Amino acid sequence: MEKLLTIADGVEEDTRAAVSTEDAVSVLAEVVSRAALFDGPDSLVTIQFDLGTADERLGCLVTLGPGVSTVEPGWLPDAPATVRQDLSELVRAVFGPTGGEHATREVELMEGPAPNTIDPSAVLAKRRAAATAVHQVLKACSPERLDLDTLALRFGSDKWAEHWYTPHYDRHFEQYRNRRVRLLEIGIGGYDAPDQGAESLRMWKYYFRRGLINGLDIFDKSSLDEPRLRTIKGSQADARFLTELTGRIGPLDIVIDDGSHLSADVILSFQTLFPLLRPGGLYVIEDLQTSYWPGWNGGSTDLDDPGTSLGFLKTLVDSLHHQEQTGRTPSTTDRMIGGLHFYHNIAFIEKSVNAEQASAAWIPRDLDPMTWMYPATPEEDTK
Ligand SMILES: C[S@@+](CC[C@H](N)C(=O)[O-])C[C@H]1O[C@@H](n2cnc3c(N)ncnc32)[C@H](O)[C@@H]1O
């Protein structure tokens, strides 16, 4: 998948030169998985894809229907529908940053017998099913910008309706939507049930149509893996493992902590992963209510306790303003905090070089501003 994401960028000639016959099934596998967002036919329909490269035609069969979505190489002479297109153009449309064009695409629905000759309703039902399947697959070939509330509902994520996080995510993630982002979410969901969870990972996969989505959980969730969505077993409480993981999966653009929600784990994961984020990246921490709960290593007696998630995050406000403090030697974290955004139970921390110039050195820090800006005149002194 990484190859397809890479060759879909840049100029058309380069995509055409780099695309190979094996890519046809991979790109259609992505199309079929995106097709889940749209209504499909109520009976099985096989669509013939006839994809061209410079020297040959490649046949692939896409079958859609209730609970079924498959892709395999092959030709079906009596296919109820055929889609012809240059393979390189399809790769750019599906994986390119702008969605690309469909200038070489031809769509043909099989005519079949006249409806009044044999069994009119059966003939019409077949045509309708073929048309619905073609509509479903063509919609999936172009970028669809469904908002996160809709995607959360579609994939059963609790980030909308149980929590109310998706509008905040939409606001902060919109800028990354067409980029080749690498995302890590700590906490896949479903706890010890190996086949449960990944609702939010699937939501991210469709939201970031060019993203590589990684999920981390203490339980094995490998049965949930799919193209562009990888699960990893490990603990967010293990700093060495987190560092090794980032080296293995590549520099991250986005980290979401929706794991144990224990303050100690939240702080350790942030301290380990935030320095490894790409500049311009975002670190998100969910369910901050647990910061106030003793069972989660939190508490509500000392609200500034830096051992609780929110007490720790409050210290980042001072990091953000380190230039303005007298006598502070900036820490590595101080220099990386680009912005902080707090909402109910969720925080977004931006990573960028925090080196904005401090206020002018000639402004006296230890005097009342009215005294030095408007010093008393000799006349006033004598009054
Ligand atoms: C709230 S669920 C995650 C839900 C998921 N992110 C979603 O939005 O659909 C929390 C998950 O974190 C996992 N978890 C708990 N402790 C963890 C740890 N130390 N490291 C990684 N994952 C952990 C649990 O097994 C559970 O599956």
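User: Before we start, how are residues numbered, and which pLDDT limits apply?

Analyst: Residues count from 1 along each chain as its sequence is written. The model is predicted, so to speak of local features we need pLDDT of at least 70, side-chain atom pairs count only at pLDDT 80 or more, and totals for chains, interfaces and linings use all residues.

User: Which domains does the chain have?

Analyst: Domain bounds come from an automatic or database domain assignment. Here it gives domain 1 (2-140) and domain 2 (148-351), with C-alpha centres 36 Å apart.

User: How many residues are in contact between domain 1 and domain 2?

Analyst: Two residues are in contact if their C-beta atoms, placed from the backbone, lie within 7 Å. In this case, eight residues of domain 1 meet seven of domain 2. Helix H3 (residues 23-35) gives the most to the domain 1 side, with four residues; helices are DSSP runs of H or I, at least four residues, numbered from the N terminus.

User: What is the radius of gyration of the chain?

Analyst: That radius is taken over C-alpha atoms, and the globule rule is 2.2 Å times the number of residues to the power 0.38. For 383 residues, a compact globule would be near 21 Å, but the chain has 27 Å. Its C-alpha atoms fill a box of roughly 110 × 50 × 40 Å along the principal axes.

User: And what share of the residues is buried?

Analyst: Buried means 20 or more other C-beta atoms, placed from the backbone, within 10 Å of the residue's own. Here that share is 35% of the 383 residues.

Terms used:
Helices (H or I, at least four residues) and strands (E, at least two) are DSSP runs, numbered from the N terminus. A residue is buried if 20 or more other C-beta atoms lie within 10 Å of its own, exposed if 12 or fewer, and partly exposed in between; C-beta atoms are placed from the backbone.
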